[in-house]
Amino acid sequence: MSASAIFVLDLKGKVLICRNYKGDVDMAEIDHFMPLLMQHEEEGLLCPVLSHGSVHFMWIKHSNLYLVATTNKNANASLVYSFLYKLVEVFTEYFKELEEESIQDNFVVVYELLDELMDFGFPQTTDSKILQEYITQEGTKLEVAKSKVPTTVTNAVSWRSEGIKYKKNEVFIDVIESINVLVNANGSVMSSDIVGSIKLKTMLSGMPELRLGLNDRVLFALTGRDKGKTVVMEDVKFHQCVRLSRFESDRTISFIPPDGESELMSYRINTHVKPLIWIESVIEKFSHSRVEIMVKAKGQFKKQSVANNVEVRVPVPSDADSPKFKTSTGNAKYVPEKNLVVWTIKSFPGGKEFLMRAHFGLPSVEKDELEGKPPITVKFEIPYFTVSGIQVRYMKIIEKSGYQALPWVRYITQSGDYQLRTNV
Amino acid sequence: MPYLGGEDTVRELRRALSNPNVQSDQLRYRNTILKVIRAMSQGVDVSGLFSDMVKACATVDIVQKKLVYVFLCSYAALNPELSLLVINTLRKDCQDPNPMVRSLALRNMTNLRLPSLMEYVEQPLTAGLRDRAACVRRVAVLGWAKLHNLQPNSEIDAAVVNELYSLLRDPDPVVMVNCLRALEEILKEEGGIAINKPITHHLLNRLKESDVWGQCEVLRILQRYRPQSEDELFDILSLLDASLVSPHPQVMAATLSLFLSLCSGLPAVSLAALERVRGPLLAACGSVSRELRFTALCHIQLLLRSLPGLMGAHYKRFFCGYAEPAYIKQRKMQVLVELVNDDNVTMLLDELKGYCTDVNTDTAQAAISAIGRIGRSYSDRCLEILTGLLALKQEHITSAVVQTMRDLVWVCPQCSDTVCLALEGCEETLQDSQGRQALLWLLGVYGEQVSSAPYTLEVFIDGVRSEVSLGVKMELLTTTMRLFLCRPAETQDMLGRLLHYCIEEEPDMCVRDQALLYYRLLHCGIEETQKVLQGRRSDPSLGVLIGRPSEPISQWACSFNTLEPLRQGTVETDSTISASRCTDASADVPASSIAAPLSLSLSPALSPEEFERLWLQRQVLHSEQEQIQFPAIPHCSPQSLQAAMQLVNIQTLAFTPPHTLPWRVYLYTHTQHAGDSPHITLILGELLYTGEEELKVTLKQQPRDDKALKGFLSILTTVLHTLVTQLVWFIAR
């Protein structure tokens, strides 16, 4: 791994905050970062690794910040990037938004966090739940007695501390699936997959022991057995609290949950799903005069379900003007700064079909610039429904004190990266 | 607060820090310190406040302590004497009942990075190793690594090393992993921590306890372990199987790396492991983070070097999204080119065709050259697409298409008819020098088939006065010469004008010399000129191989899961581009005319092992292939060959006995320019005779130096020539 130093820069390349972990790379090297970045960007050779002499900069960009790790070794690149993303994750949990202002407003906490997250170039405590127990944002308040080491730093159950109390014991379970689809201009589905996750919001006292029951079909898929009938899930990740050995032996998901919000598991299914909202589009461009757009949207899901907040975003040429729309339902709006027509349908029942027509004028003098062919993108949410058919059968909650607790389950399917290419 | 310049700020802060009223009010004191740190972060030089800040660290307020330590660690190097004052407070803090304070003090003690303070630090560090709080032990363990890093030459205390080894059994997994890291650093000279069987098994058993970072560290260090028996090896492998398909791509990659190093002697097992990680690797390619996606793609490129068919069925996973950054798109296209087969070629080309009109010109050009690469195996389909793209009349597209076509006909001369048809009219759209150079080259080589060639050239020659690109001028000279040879009537007049301009008026010496060279060549008569300009070209199938042979895994295994694969691709493409330019521009110039005075030397000597290692290392060396017609060479005795080579300071390292087929000789030398600065390059060579007319010469060079290579080749040719004439003479006798 071995990152020598970590820098947080603003968009102009000015160092906002930095931490020298190893001292084997001159801290002034960072001055070369921005010029290098600009130079590579101009030449079209931009790359997540930039090098100046023997110093390598590995960088990511987040809102109006650059996070840069320097190293002069042949470091493990994927670990360094993961660490930078971990930084983003931790900072975001602390400050809600990670951006220049929040770094400047909270630089004391940032220094403290940078101190705990890494030592001598090696990641140390990176779990934000644990960090939050002994690095608090009320740093500006004076507390002399505080700052005991939380038991979690050394505890066996590192993700939950003891002595948590709630008046009302509840667990909220969200099953969320996002659909990624790429459809070619000729209407064939190029790729599609489902990215799912089970999220928990735990408000339980003490050290509860939870057991989550899923339907068999999903369980078979999870363990990769019975390959014939079920789809195979790839890339299944459990939160570290889940006892994996238990899962492997008898397929029960049992765990002591972290307090508050957490992601219990995530998975990806690479399968040919029928696009839930199918779009057919005819975009006719008459040079120098007008563009005519006809978009047909069809709900390809069960009649009982309803998709909410559907947004169909259709690209239009950047020099288009005088928009006119006609829709069979919902309303269409022209967003000139993004060169889009956004057609919004508040509620879209399954099996239904809707139509939108748009008409734009084009200037008689054509631009020289080449324009790309952005795809049509669709956003939607379908509650009470999952594409994979995953279902929570039960959630058992056992705690020493024997309190009654209620689990609440919610299902939702939403659009992820949902793209349909166009001809124009 | 009013705006204050740097100096004023410092003065103001000093006054506040030394004000007894501020010092007695904790809240105000801390706020002042906060201002100091803020000024420091903003780049104001606050090092002058060092002594005031030293006083501020004696406090019970932990946050204030942390802030002061941040300050002290940043400026300690500038104030080594004053830093001594801090040590006392730090050492006192190491006795604090609160483990947080203890670990904080220990960490910052070692972060001061002052060799003069070493003697004060060692004792608290030793105590820290035995602290009952894990968070103090974590810091103490890494503290020893920092200490050693500060004074790498100092004696290593064996007791500390032993203690660190025993802490590998610490109940806290982070302490365990930190011990590994510290021992790696401390024992760097001895090759890192000693990994024996009990340690290996201990680490493997506790692997699951660590977080992702820890697991990766353990897996990386285990790469050094060599199992004592095959049974043990397979036990380890089956234990690691779950990690191999771990959902964390970092753990997966680290495990694969370990697999490859453990199974270096069992290629079948390595291949099976690669098959097994296919799923997780593809998943990593779909990662949300673009940097991780990029990393995964780069590593897939490595795997494909050994297993080209690994991802063939999953080519759709490498299709580009509209909003993906250019660097990912380009890598994906490079992967797609590798994956092409009879089943997917139609879909794949369709997709690539879509990228050719990308708004980003670099992406568009990369897509076009990707199609050109596929054209080496599916030339008809690709040429159809490429010709179609010309109709768009877009400047950057046309340029890329013409360059791609030039590179394609070099490998597949059978495409020349289609290419020539497509070329008509291109010159109007072409603007950049690269594209025009490519067009000129094509016109020169296939001038007979392009009816409008002389007219196109005429436009170029008329505009030569305002031409800025050196490359275009050089190419123009060569092209006009070539066209003159096949269509003299139409070209003679303009060739005259061009030569006259280049010799009399051209300011650039390179162009002038080339023009003079051609002019004198023409004086030697048309036959001589033809011999030089239309002479043999090196066999294209040798230079750029179509189906690259798959490499053994060991070639890239050591760079797997590091930074190297991310940087490789860009460097590689650069060198191939420049290589193709060089061969084009100088292909026609007789070697002897440009050979600068070159001296060869045998020192430093190269051992056969070293030679073999370098020879197999592809990326480091620049390689070139050439053919020489000396069929008689393999009949001469090894002794005479060796003697002849040694006369000119070329060392032969190994050869097959005479009269065997294929007959090979390996040799090496160092070149040095007589005039230039001491610029030495190493040249490795292989002579290969397979029974045909020609002798194949493969040369590899480090670092790259085309001039030296040309010079060396001419020397080699002369030696071989002399040998052959002697041989013929000998046989005749």
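A polar contact is a pair of N or O atoms within 3.5 Å; within protein, one must be able to donate a hydrogen and the other to accept it. The model discussed here is predicted.

Q: How many residue pairs are in polar contact between chain B and chain A?
A: There are 21 such residue pairs between chain B and chain A, both residues being at pLDDT 80 or more. On the side of chain B that touches chain A, the residues divide into 33 nonpolar, 18 polar and 22 charged.

Q: Why is the meeting of the side chains of A:D115 and B:R107 called a salt bridge?
A: The N to O value for A:D115 and B:R107 is 3.5 Å. A salt bridge requires a side-chain nitrogen of Lys or Arg within 4 Å of a carboxyl oxygen of Asp or Glu, so the pair qualifies. Between chain B and chain A the count is five salt bridges.

Q: What area do chain B and chain A bury between them?
A: The two chains bury about 6,500 Å², 57% of it on carbon and sulfur atoms. The contact takes 73 residues from chain B and 74 residues from chain A.

Q: What makes strands β9 and β13 of chain A a pair?
A: Nine bridges join β9 (residues 189-203) to β13 (residues 260-269) in chain A. Pairing needs at least two bridges, so these strands pair. They run antiparallel, and A:S266 in β13(A) is the bridge partner of A:S197.

Q: Why are β11 and β18 of chain A called edge strands?
A: In the open sheet of nine strands, the order is β11-β13-β9-β8-β23-β21-β16-β19-β18 (chain A), with mixed pairing. Strands β11 (233-238) and β18 (331-335) of chain A each pair on one side only.

Conventions. Residues are numbered from 1 along each chain as its sequence is written. Chains are lettered from A and ligands numbered from 1 in the order in which they are written. This is a predicted model: local features need pLDDT of at least 70, side-chain atom pairs count only at pLDDT 80 or more; totals for chains, interfaces and linings use all residues. Side-chain values use heavy atoms; hydrogens and water are left out. Contact means heavy atoms within 4.5 Å. Buried area is the accessible area (1.4 Å probe) that two parts lose on being put together, summed over both. A polar contact is a pair of N or O atoms within 3.5 Å; within protein, one must be able to donate a hydrogen and the other to accept it, and residues adjacent in sequence count only if both atoms are side-chain atoms. Ala, Val, Leu, Ile, Met, Phe, Trp, Tyr, Cys and Pro count as nonpolar, Asp, Glu, Lys and Arg as charged, and the others, Gly among them, as polar. Helices (H or I, at least four residues) and strands (E, at least two) are DSSP runs, numbered from the N terminus.
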